[in-house]
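Below are my notes on some local backbone and surface features. Please read them against the coordinates.

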Amino acid sequence: MNRRIRKVAVLGSGIMGSRIASHFANIGVQVLLLDIVPKELTPAEQSKGLTLESPAVRNRIVNESFQNTLKASPAALYTPDLAENIRLGNFDDNLKEISDYDWVIEAVVERLDVKKALYEKVDAVRRPGTLVSSNTSGIPIHLMAEGRSEDFRKHFCGTHFFNPPRYLRLLEIIPAPDTDPEVVKFLMRYGDLFLGKETVLCKDTPGFIANRLGIYALLQTIRITEALGLTIEEADKLTGPVSGKPKSGTFRLSDVVGLDTTVNVAKNLYASGEKTDESRDGFLLPGIVEKLFEKKWLGDKTGQGFYKKIKDEAGKSVILALDMQSLEYKPAGKVKFETLEATKSIDSLSARLPVLMQGKDKAGEFYRQTFADISRYASFRIPEIADELYRIDQAITTGFGWQLGIFETWDAIGVKKGLEMMEALDHKPAPWVYDMVAAGHDSFYKTEKGNRLYYDIPSKSYLPIPGQEGFLYLRNLSDNIIWKNAGASLYDIGDGILNLEFHSKMNTMGAEVIEGINKGISVAEKDFRGLVIGNEGVEAFSAGANLAMLFMFAIEQEFDEINLVIGQFQKTMMRARYSSIPVVTAPHSLALGGGCELNLHADKVVASAELYMGLVELGVGVIPAGGGTKEMALRCSDLYQKGDPELNILQNAFMNIAQAKVSTSARDAFDMNYLQEKDLIVLNRSRLLAEAKQAAIELAENGYTQPKERSDVKVQGRAGIALFMAGIEQMKLANYITEHDGKIASKLAYVICGGDLSYPQEVSEQYLIDLEREAFLSLCGEKKTLERMQGLLNGGKIPRN
Ligand code: NAD
């Protein structure tokens, strides 16, 4: 059946319902968001003379929830205008409308009776074939389907989004016994392709996969922290990015989620694990959790939890950490461990983990104990919660933001080494692990001919992870590297396409990366059909030019050197635009400064939906001079023909650069004109490189020919400069910007307007690029610019001088 999703009804507009609705609105689906009708009037409603029949009252709950979601950070919508795709209503007046909807998603309170009562009403009005799914975190799916019509049960499934649904990539799909396999297949694919999720098929077992393991890991980590006498801030440091976990660490994350949520899930998992879970005691609450829960110190929602934010005497916000012994809040202490010192210079997580595990101090002990406990627990969950080990890793990485899953972590440590560690701590894993080792297999995963294989327990052999056909992972292609330096590598990714990967810190663009881009273009021009510039960076496609060398030259006042470096950067960007092969970039997450400019020069950008892109150079005291200012002048010039007042168009571009504005999504980057009609958004980041490769092939097959450099860029000259200068003066007078901000902005105005020309006229790209370089050089001679650069290089605090 060819199923299409045009309209989705979301029932329940709380934390999850409103955000799920927003994510569907993000992809252009029409959404109806419903909630209950209030039973009482508020004093404000009473004083206005409203009644329970007034439309404003009947929709009050849904209105308020949705308004809160619109204010939430991080934003649920790609851009605010997408709210137009969502219509609000209530169950009593609007539920009947779902007869015209393709999918009904329920996200009301976590109570079986409430959900079942609602389904009864849904069953009465839905048309046959409409999908119905629940976002429950833990109520068994088969219980919810009980008593419903056959057609309802065939089309009913669990679809468990994680909070926040726009950003967390996991979508668990949990069929009930009567769910039609066609429906499951459809949801698995729709979640991946349209919603950009990692869809993981789960069994209908308590907590499904991610919460079952994630909450177990969380509680054991807290227990081990207590037992070893570590502080909260120490544990958070150890369970943060250093071990491949999110920045929040364990305790901070609990504060954000809310301890009541964790406690509810833990209690349910304890209660439901009587027969099936040999370690259900792991779901008993650790002492400190019990105490905080009693005191209602639940985290951010109650103003305090494991941490508390206060204002000091000077009115500055200070974060205090709980002392687990005295239950008093104290300033968070500095965290220092020999084990962490020993891994400071190890960039790769897989290389770092074995070193962390060998630490001789408490940190090492902490890592060994948590690893052994969590890995043992995971091994015994097969086949209970999943038949294949990769599903466990997929769920925990995408649901909890871990860089490596449980079995991937074990692989990094070494299966046998891990086993010894676990045995020594009395955490022997499930028998299948011993069988695997006895059969001579020493890893849970391996890579063969670019395919990632997992160890299949029943057949005791390695099988390809299914559903990866649309994906292309550079980490599986190390045999295909044809050239490499310290900052970049070139991969033959097949079908005549070359990929350039950056792997410098935050993928910043220094001399090696620039060499890599030039090399990539040269090699591709000679032996390939096209070049993709894409990487698998966690935080950044590229955080921009590496300022370290420029800063050194600037301090030494070596302007000839700066001129050379900038000139080389500009030439490289122009080569990306003007080469004989198509160049496709695949940006994701951060693409800032030079990282943005590179995309502006690509033949086509295949962008991740989560793209934070901007020309942010003004923040460090310079203007975009890698062709970024030129390119925006050019893009404005191309828009002039469309009829809007020219200076308005130019002003938008000027303001984006002057305010160092960064897009909040790829869609927003379109609005900023950093992405254009020719470019493409991909929802599922795992598909990004494969889609970029496909785009390069298509460009090549459509007869790509090298474009001609432009000499028809219409610039505004003095009229534009005068307009912008007036604005800059006003901003200075009002103290919105500093004197130095004003100086940099005036250089930007000069360049983007094409310099001191007495009337609007057409100029060449090279002319504008030369202006960029001149302005950049002059700013490098400014003390305040150097102070800003130094601030960035010394850990990111840029002075507003
Ligand atoms: P919430 O409390 O924010 O929202 C619940 C909604 O249910 C509210 O809008 C409320 O008006 C509505 N409601 C209350 N009583 C009702 C009734 N009698 N009939 C119909 N609707 C009623 O909850 P939430 O966090 O959005 O959770 C919703 C669902 O999503 C739950 O099943 C929860 O387990 C699940 N979930 C939550 C999270 C999370 O992090 N919050 C994550 C994944 C799944």
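1. Pro 383 sits in the loop that joins helix 17 (362-380) to helix 18 (389-400); helices (H or I, at least four residues) and strands (E, at least two) are DSSP runs, numbered from the N terminus. The peptide bond from Ile 382 to Pro 383 is cis, with omega near 5°.

2. This is a predicted model: local features need pLDDT of at least 70, side-chain atom pairs count only at pLDDT 80 or more, and totals for chains, interfaces and linings use all residues. Residues are numbered from 1 along each chain as its sequence is written, and side-chain values use heavy atoms, with hydrogens and water left out.

3. A cis peptide bond also runs from Asn 163 to Pro 164, with omega near -5°. Pro 164 belongs to the loop between strand 6 (156-161) and strand 7 (170-175).

4. Most residues other than glycine have a negative phi, and most peptide bonds are trans. Asn 507, not a glycine, has a positive phi of about 50°. Asn 507 is in the loop between strand 17 (497-502) and helix 22 (511-527) and is buried, at 6% relative accessible area. Buried means under 20% relative accessible area, exposed over 50%, and partly exposed in between (1.4 Å probe, protein chains only).

5. Ser 589 likewise is not a glycine and has a positive phi, near 45°. Ser 589 is part of strand 21 (residues 589-592). With a relative accessible area of 11%, Ser 589 is buried.

6. Glu 556 is exposed, with a relative accessible area of 54%. Its place is the loop between helix 23 (547-555) and helix 24 (559-577).
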